[in-house]
Amino acid sequence: MTATDNSGQIFRDSAADLGHSAKWWTARTFIYAMLALWAFISLFPIYWTITTSFKMAPDVMQGRLVPWVDFTPKWLGWKSLGLSPETIGQGNTVRDEFLRRFANSVVISVTSSVLAVALGSLAAYGLSRFSYKFLWMRNADISFFFLSQLILPPVVLALPMLVLYKQLDLLDTRVGLIALYTLSVLPIVVWIMRDQFAGIPTELEEAAMVDGQSVWGAFLTIVLPIALPGMVAALILSLVLTWNEYFFAALLTSTYANTLPVMVASQTGSQGISWWSMAALSFAAILPLVVIGIFLERFIIKGMAAGAVK
Amino acid sequence: MSEGDLLHVVTTDNIGPGRITFGRAIVWGSVGLMAVVAVLQTLQSLGTSDFGFASWRPTLYAYILFAVCLCWAQVLVKGEHGKRILFVLPAALFVISLVVFPLLFGLVIAFSSWNLSSPDGRQFNGFDNLVQMWHDPFYWNALTNMVWYVLAILPEYVVAFALALMLNTEIRARKFFRVAFLMPLMLSPVAVSWMIGKSMMETRFGPLATLARHLGWDNPSFFGTGWMAKLTIMGMDAWTFIPFMMIMILAGLQAIPKELQEAAKVDGASPWRAFWEVTFPLMLPVSITAVLIRLIFKLKLADIIISVTSGGPGGATDSVTSFIFREYRDRSNVGYGTLLAMVYLVIIIIVMTVLMKFADRWMKSRY
């Protein structure tokens, strides 16, 4: 569809078509300009955070923007986090704390996402293949029961959960957060996976069962491999949501099970703002997701598009 | 929600009476165990006797054991059919135990005065909380703010649609633009609120403030007045969530058969008319889904507000969630906070039910 170089073509455009192409070019330029503008809006805050983490106080105050041109990058922000080249070998309490929070975030988000994908996929498969009846609820009602959890705002569960967790000695534990996070992403997983399974023809399982497979055997050996991309999409979407979750983490953890967002949020007030270290911390907190976003973008898009198009 | 293509399996089970008895036995046995543990713990918490429990965890373990036994018994008692139930049962049990129980418990808390920092403990106080809520200007203020925040979805939708339309044209470097546009969604709202709200909007040297000065705003203060602060919060929230709607709409656009748009072109429709009479109506179902889901996320809005403005200035940016969060953080007022949350839930359920009814009708009337 590119109309850039047509000198080598046998059929040239007529003058009228070239006039049309001038209009086409303005539209093209406009679209690219808008796209570039929005890409700039989307990426500038990330750029700003990276560069600020390498600035000294005067560079921040004077609003310098471009490293090496405007200012010389220094490891100041990363030094305070204990992650700069000089400090990486030494012991550092801030870094230890950071790494502990990081480990918490990783363990909690990965475990709850895997759990949610496992539970959610099973439920979605069951609902897309068999007919259930529980009291008055049939398949559609059970599906709705799962999906309706999406509407439930976290604040409704937060305080009862706080009191319950206190009784159960689950406050400030990873297990407590994992359970809640699993719950919060489960409806999304069910939504995505129901769509995935609905797209797989039942003849596949029927054939497997004729060959002597059980229901679960057919599910595990035939259906699961086909639905794997959908599961990865659901997993990554869950990872993003659980990694970024702040509300429950802020309410239910205090010392041991803090996640990264809580650490980032707790830094802001204290003793004036040291912009460079805040920037370094923020960037370290968003870096894993930035990497996921760049390399696994198609899975995220697949996951989010799953429900949109029936 | 259609039932779809169901799998029909006919199997003959050969389940002996011993197996059924065993299945029933483990279910009732675990129920019994749970009841015994719960009764013992209740006795201890009432102070009648001490069994040395440190927390309510034994009851939790007994409950988990019961849940496992219940799943196992399905297979034991019902055989092949039980194996099918096993697909849905774990998830259902999980959701019920983490939502239904706390909600019922929450209802009890909502009608009691309970300050976690006071030694009195929970006291039932009937409708006092409701009366207090009725006279609480800050709660109503937070609810009104939510209406504004929700209305902000419409401009977000317009921007998202425009971006999706542009991404759907024949462009180069589409992958780069998609990744770039997706980025804001990946970032944690707390980091975003620091990066943008605190750093880039810093009045003296933040790049956004500098830009505002160049554009002729002498003294840029993004959180100075109530409306400005509200708009800024809306802007930051929009920044994170526009990619979400954009992707859903883009998926919808790509699912439209190209022939339809080409037919409109051949018939001599201008791009503008082709959009309004072909693309937009076709996109209506997807749009409604995207907006509804965005609405659900919008109703949970809190992180940015908590970490940037804490509801200020003067409650102008408070969302319901951030208000309740502070109600708990500052006053440890669990009872009142829970009631506010419950009322919010009721409002949400009513609004969503009405909206979904309308959405259903809209989607059907056109097709």
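Helix axes here are lines fitted to C-alpha atoms over the stretch in contact, and the angles run from 0 to 180 degrees between N-to-C directions.

On the H7(B) side the residues are B:Phe181, B:Leu182, B:Pro184 and B:Leu185. They meet B:Trp239, B:Thr240, B:Phe241, B:Pro243, B:Phe244 and B:Met246 in H10(B). By class, that contact has nine nonpolar residues, one polar and no charged ones.

Chain A has a pair to set beside it. Helix H5 of chain A, residues 139-148, and helix H7 of chain A, residues 174-198, have axes that come within 7 Å and cross at roughly 135°. H5(A) and H7(A) are therefore oblique to each other. From H5(A), A:Ser143, A:Phe146 and A:Leu147 meet A:Pro187, A:Val190, A:Trp191 and A:Arg194 of H7(A). The classes in this contact are five nonpolar, one polar and one charged.

The buried ones are A:Leu260, A:Pro261, A:Val262, A:Met263, A:Val264 and A:Ala265. What covers them includes helices H4, H9, H10 and H12 of chain A. The cover also includes helix H8 (189-200) and helix H13 (303-308) of chain B.

That brings in the interface. On the chain B side, 83 residues are in contact with 89 residues of chain A. Helix H3 of chain B, residues 80-110, gives the most to that side, with 14 residues. Sorted by class, the side of chain B that touches chain A has 60 nonpolar, 13 polar and 10 charged residues.

Last, confidence. Chain A averages a pLDDT of 83, and 90% of the residues score at least 70. Within chain A, confidence is lowest in helix H2, residues 57-61, at a mean of 75. It is highest in H4(A), at 91, and H4(A) is also among the helices that cover the buried residues of H11(A). Where pLDDT is low, the predicted coordinates should not be read in detail.

Note on methods
Residues are numbered from 1 along each chain as its sequence is written. Chains are lettered from A and ligands numbered from 1 in the order in which they are written. This is a predicted model: local features need pLDDT of at least 70, side-chain atom pairs count only at pLDDT 80 or more; totals for chains, interfaces and linings use all residues. Two residues are in contact if their C-beta atoms, placed from the backbone, lie within 7 Å. Helices (H or I, at least four residues) and strands (E, at least two) are DSSP runs, numbered from the N terminus. Ala, Val, Leu, Ile, Met, Phe, Trp, Tyr, Cys and Pro count as nonpolar, Asp, Glu, Lys and Arg as charged, and the others, Gly among them, as polar. A residue is buried if 20 or more other C-beta atoms lie within 10 Å of its own, exposed if 12 or fewer, and partly exposed in between; C-beta atoms are placed from the backbone. Angles under 35 degrees count as roughly parallel, over 145 as roughly antiparallel, 65 to 115 as roughly perpendicular and the rest as oblique. pLDDT is the predictor's confidence in each residue, from 0 to 100.
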